[in-house]
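Please read them with the structure open.

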Amino acid sequence: MNELSHIDESGKARMVDVSHKKDQFRIAVARGFIRLSPETVQLIRENQVKKGDVLTVAQIAGIQAGKKTSELIPLCHPLAITRIEVLTSLEENGVIVTAEARCTGQTGVEMEALTAVSVALLTIYDMCKAADKGMVIGEVRLVEKSKTDV
């Protein structure tokens with residue numbers, strides 16, 4: 001089993017030192033899903049949700065959150081993000097949110113992609129909560145990560 005990198009010898013939490021690592025081009029893709037009632041899906045499709053354009057607001061919220069990840073998660077390194085893309089797909093039973101984060105740096109962008117997806121899903125929940133009491137957020141996961149030398 002791999003050791004936890006955010007724990008020191010005495011078991012205390014710490015930020016990992018990445019200063020010895022070389023810069024690499026890094027990409028991470030995350031995905032999640034929010035289950036919605038058919039009526040809520042229809043409201044989103046017809047742009048009839050009282051709070052506004054749900055999918056566009058969710059995309060923007062996800063991008064903003066991805067850029068702020070190190071401020072939200074205490075041991076994440078601040079990264080010079082070069083791209084965060086958040087895509088939504090309205091399905092018959094909910095919304096799939098996919099986020100891709102990119103940077104050139106010494107550590108990965110998985111947390112940024114996961115944060116972008118999570119906040120986009122939470123935004124959908126917030127915007128639709130008056131119309132749908134049975135929404136379920138789930139299946140948030142990392143689906144791809146890569147790094148290449150620069």
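**Notes on the fold, charges and pocket**

1. Of the contacts in the protein between residues at least 6 apart in sequence, 74% join residues at least 24 apart, where contact means heavy atoms within 4.5 Å. This is a predicted model, in which local features need pLDDT of at least 70 and side-chain atom pairs count only at pLDDT 80 or more, while totals for chains, interfaces and linings use all residues. Residues are numbered from 1 along each chain as its sequence is written, and side-chain values use heavy atoms, with hydrogens and water left out.

2. The protein has four helices and four strands, in the order β-α-α-α-β-β-α-β along the sequence. Helices (H or I, at least four residues) and strands (E, at least two) are DSSP runs, numbered from the N terminus. Along the principal axes, the C-alpha atoms fill a box of roughly 50 × 35 × 25 Å. Of the 150 residues, 37% are buried; buried means under 20% relative accessible area, exposed over 50%, and partly exposed in between (1.4 Å probe, protein chains only).

3. E112 sits in helix α4 (residues 110-128). Apart from neighbours within four places in sequence, E112 contacts G66, T69, H77, L79, I81 and A101.

4. Side chains of opposite charge can pair when their charged atoms come close. A salt bridge is taken here as a side-chain nitrogen of Lys or Arg within 4 Å of a carboxyl oxygen of Asp or Glu, and the count by this rule is seven. One of them pairs K22 with D149, with the closest N and O atoms 3.1 Å apart. K22 is in the segment before β1 and D149 is in strand β4, so this pair ties together parts 127 residues apart in sequence. D149 is exposed, at 51% relative accessible area.

5. K51 and D126 form another salt bridge, their closest N and O atoms being 3.2 Å apart. K51 is in the loop between α1 (38-45) and α2 (54-67) and D126 is in helix α4, so the pair links distant parts of the chain, 75 residues apart. D126 also meets K129 in a salt bridge (2.8 Å, N to O). Shared partners join K51, D126 and K129 into one network. D126 is partly exposed at 32% relative accessible area, and K129 is partly exposed at 40%.

6. D132 lies in the loop between α4 and β4 and is buried, with a relative accessible area of 7%. Not counting residues up to four places away in sequence, D132 touches L36, S37 and T40. The C-alpha atoms of D132 and P38 are 9.7 Å apart, although the two residues are 94 apart along the chain.

7. The largest pocket holds about 510 Å³ of space. Among its 22 lining residues, K21, T107, G108, E110 and K145 are the closest to its centre. The elements giving two or more residues to the lining are β1 (24-35), α4 and β4 (136-149). A pocket is found on a 1 Å grid over the protein atoms alone, as an open set of points where a 1.4 Å probe fits, with protein on both sides within 12 Å along at least five of seven lines; lining residues have an atom within 4 Å of a point. Grid points are joined across faces, edges and corners, and the volume is the space filled by probe spheres set on the points.
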